[in-house]
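Subject: Structure handover

Dear colleague,

I am passing on to you the structure we spoke of, with its sequence, so that you can look through it yourself. Please have it open while you read my notes.

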Amino acid sequence: IFQIGTGSRCPWYIMGKLKSEEFGPVFIHEPDDIMFPLSSDEKKVVINAPLFSVRVRWFINGTEMDSEADYRYSLIDGNLVIMNASETVDHGKYQCRAGNSFGTVLSRDALLQFAYVGAFSPKARGGVSVREGQGVVLMCTPPPHSPEIIYSWVFNEFPSFVAEDSRRFISQDTGNLYISKVQPSDVGSYICLVKNPVTNARVLSPPTPLTLKTDGVMGEYEPKIEVHFSPSVLAPKGVTVRLECFALGNPVPTITWRKINGNIPKKARLRKSQAVLEIPNIQLEDSGIYECKAENPRGGTAFKGHLQVYTLPQWVRMINDTQMDSGEKLQWECKAMGRPRPTYRWLRNGLPLTSQGRLELHNGEMTIHKVQPMDSGMYQCVAENKYGSIYSNAELKILGEPSAPIFVPNPVRVIATLGKDVLLECKPRASPKPRITWKRGDRRIQLNKRIILLRNNTLKIVNSSRADEGNYVCRAENQLGSAEMTAMLWVKEAMRVALSPSRVEVTVGESVVLSCRATHDTSLDVAFQWFFNQKPINFHHDGGHFESIQTAGGQDSSTVDLMIRSILLKHAGKYGCRAQTSADTVFAEAELLVRGPPGPPGVVIVEEITETTATLSWTRGLDNHSPISTYNLQARSPFSLGWQTVKTDPETVTGDMESAMAVELNPWVEYEFRVVASNAIGTGDPSAPSRGVRTKEAVPSVAPVNVSGGNGRRHELVISWEPVSEEFQNGEGFGYIVAFRANGTRGWKEKMVTSADSTMYKYRDETFPPLTPFEVKVGVYNNKGDGPFSKVVIIHSAEGEPRELPIDVRAYSISSSEIRVTWKPPNPGPGKPRRYEVSFWKDSEQEESGSKQQTVRNETSMILTGLEGNSAYLVTVKGFNSIGHGPPSAAVTAKTRKAPPTQSPNNLMWIQEGNNVSLSWDPVKAKANESDVIGYMVLLKQEGRAHNQVTRTINPSTILSLPEGGTYVIEVRALSEGGEGAVSSQLRLVTSSGEPLSTHRHMTSVITFSWTACFLCAVILFPVLN
């Protein structure tokens, strides 16, 4: 629910009756403007109305609203409710007219606005192409929006934002991106991003490509101011004013500001590399003509504009409620100040007045001659200028029909405090005005210095005492009759209040208790209220720190404590305790001083800037009751990780100083500075950052590091280095000087590398042989001159491809599918091989149809796999490196062995003898095209164990040991020169843990296994066929 006013009503408590006294509507709080987000889930706007019995009508843009004719409008207990609020229909100024039997008043206008941001046009944007060094403006063309939006630009892809500096500027007036001098690094895609500060909604534009033309580089040209503030700037008093000024130019222009016939206010700040002049809390004296100037070596240009500060009307004199007899003359005057000077108009019961008859209007003065009862009502003086209106309201009562005096209420009770003055009022209703007399008991009161009758017929008793107690009678009489009112006066002892301690000092984070003790008349009840800096403490809102504690008191005293916990700096101030009875009110105050870290120093100004230093000045902040001991200077640049402490001159900046020099800065780097104060309690918050300033250019002082090289093509010298960070380039026009000479020669060859991002230089010369050693160093330069060189290192030119062939190449078969090849490296010479390549092919085929394998490193052996059995192969070896391949060796021949037997061992027989197992099988016979059998391999595996037992034998039998219980698997293969033959069927033995295979050592059991049968003995024995 959004409402005009804060917890407010229209007339934001409009009151029509107080006790028994009746009067016209009175505004206690008037409505405030609303900014309603269209994207809000709550589509209902509620404008609050009165709680009291008054008539209310609502107007929009001067037209009365009819809640019966439009279902979206409704009045609930005087509140105006707008359902399905629409920007096109409901935007405007709202005003309520409230009235009762005594008159009608109008509220101030309350503006209802809607916050939204539309979508960019989806139409693709054309590319922008410019020459290097030329300036460019990229248009944002924002969508419809309300209120003003915040602009930023995305480079290539979100969230990579364009960083603003002296060369790039984003106008918050136009939304456009301005680049004063385009560089190759600017080439890319640009997207305008707008943000609504109320709804936080963000919208992205279609991308705008920026490319460089290839027809040359733009030469230098004088500045041209592309964006500037208006020739006439109007600003309300008290706001922050931003004046923009940015120019295109080559070299990048420098922006300066001045105020014609005056000085720029000290509170002003330069932002965004001086492209924005920001003046906070603008005042009338800040008005004037401001000039921005853009300059570069090619020339300069300037722009001037007039800044005018306006103020809303403010009351100097207001009208007050007045009661008169018929026939008297009324004179009211209201007066307001403002710029422009306000004009005045008058309303009676919400309707405009003009001079006619008995009524005279002249600016802020209104005169009514011989007032009559018909002149009674609610009057409003309206002071307005083009920026706003204010209302002063008053009720005029004309005593109408003649009547005898009447007192309401009657009698009245008055309780006074001993020694204080007493006022006894006498306000009868009567027409014409009655004659007033006072008496005490039966005797008329004799006036003196202590008992005084005021002009409004109030009886004043000075320095009251117990003797003044009693009944006082006011008699009112006119020609129509008389009446009396009795005021019963009691005089009580004055209440005394003591607040202790009266002054206390604490440190941040501590707690304290203030005790308020009131001594008072025993017949009176006392109520307490706590105040902080003269404002009532809201214990619900500040309950985390404040607590009021009622404590026991004596018969004639009452005590209440204020507990303040976890004290913060903001809790320093004056605390008041107000004790109130029906007789009097007494107020006592205590001062709480809070010691804490210092407050932030004032404005930081960069007084002077050099290549490596910045002289800063600042104003002293609050010490928070603990003297400032030191200041710490901090700097931030595009290259730093947040704020970093900088070295200073003097080394220690003491608390009595307000200026120091930051030293050991890097040249040609844009810095912001801030200052942090410390005292014995701690370190305070930092000051606001200074404006960004760039140190001056200097000759580079940092040489490239990690200079190395090598590789490359034949006759090339490749030199590489780690580039110097922009932070240490010290100025524009940065590049590298690559110097080299053949080892043992005198003169250096120097080559300029103009790109600051370069990391390599290649030099080619057909005359120098491979692996020629060179002395190399890499230096730096910029527009200011040449910087240092790196240390001299030795770098060899490219070595070239290998020239020599590998020697002692041999090849021999190790199985039916594998040939092992070995060789020795070639004799030393240019082009050392880094790896080797082995080519192989069958002697019945051509070399081109063969295969190749390469070593991982520079190994001198290799096993060729996947070959055909019983086949002859030709093999060559050659070395290679990054440059190329060397010559191959002479081909050598190797023949793979015949394939292993395909027949597996059959008829496995097992005989048990204690823990040993004797195993035998039928011999395997190789076929004519298979390798001869040279033995057998028996594999014994125990399930659940990773270790396998392998037994080799030349006979078709063997003895195995099974020491542990478990499940065993046995496999048998024939061995040949061609490799391992086919595996037999598996034999699986299951034994009990810890038991031998047979309980009778001499018992012999013979089991013959076939492919289809198995027998069981003392142990379970079964074959598993493959």
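Below is what was found, beginning with the whole chain and ending with a single residue.

Please bear in mind throughout that this is a predicted model.

The chain as a whole. The chain is built from one helix and 90 strands, and its C-alpha atoms fill a box of roughly 160 × 95 × 70 Å when this is taken along the principal axes. Its radius of gyration is 51 Å, whereas a compact globule of 1026 residues would have one near 31 Å. Of the 1026 residues, 45% are buried, and the accessible surface comes to about 53,100 Å², with carbon and sulfur atoms accounting for 49% of that area.

The UniProt record, which is an unreviewed entry, places the feature "domain: Ig-like" at residues 53–107, 122–205, 223–308, 313–397, 405–486 and 495–593.

A pair of strands. Strand β86, which covers residues 966–976, is joined to β88 by five bridges, and the two run antiparallel. Within this pairing, Val969 has Arg988 of β88 as its bridge partner. Strand β88 itself spans residues 986–991 and is mostly covered, five of its six residues being buried.

One residue in its surroundings. Val676 sits in strand β64, which runs over residues 670–679. Is Val676 buried or exposed? Val676 counts as buried because its relative accessible area is 6%, and the cut-off for that term is under 20%. Once its neighbours within four places in sequence are left aside, Val676 is in contact with Thr630, Tyr631, Asn632 and Gln634, as well as with Thr683, Gly684 and Pro686. As for Thr645, which is 31 residues away from Val676 along the chain, the C-alpha atoms of the two are separated by 9.8 Å.

With kind regards

Definitions and conventions. Residues are numbered from 1 along each chain as its sequence is written. This is a predicted model: local features need pLDDT of at least 70, side-chain atom pairs count only at pLDDT 80 or more; totals for chains, interfaces and linings use all residues. Side-chain values use heavy atoms; hydrogens and water are left out. UniProt positions are given in the numbering used here, feature names are shortened, and annotations may be inferred rather than shown by experiment. Buried means under 20% relative accessible area, exposed over 50%, partly exposed in between (1.4 Å probe, protein chains only). Helices (H or I, at least four residues) and strands (E, at least two) are DSSP runs, numbered from the N terminus. Two strands pair if DSSP finds at least two bridges between them. The radius of gyration is taken over C-alpha atoms; the globule rule is 2.2 Å times the number of residues to the power 0.38. Accessible areas come from the Shrake-Rupley method with a 1.4 Å probe; for residues, only the protein chains shown count as cover. Contact means heavy atoms within 4.5 Å.
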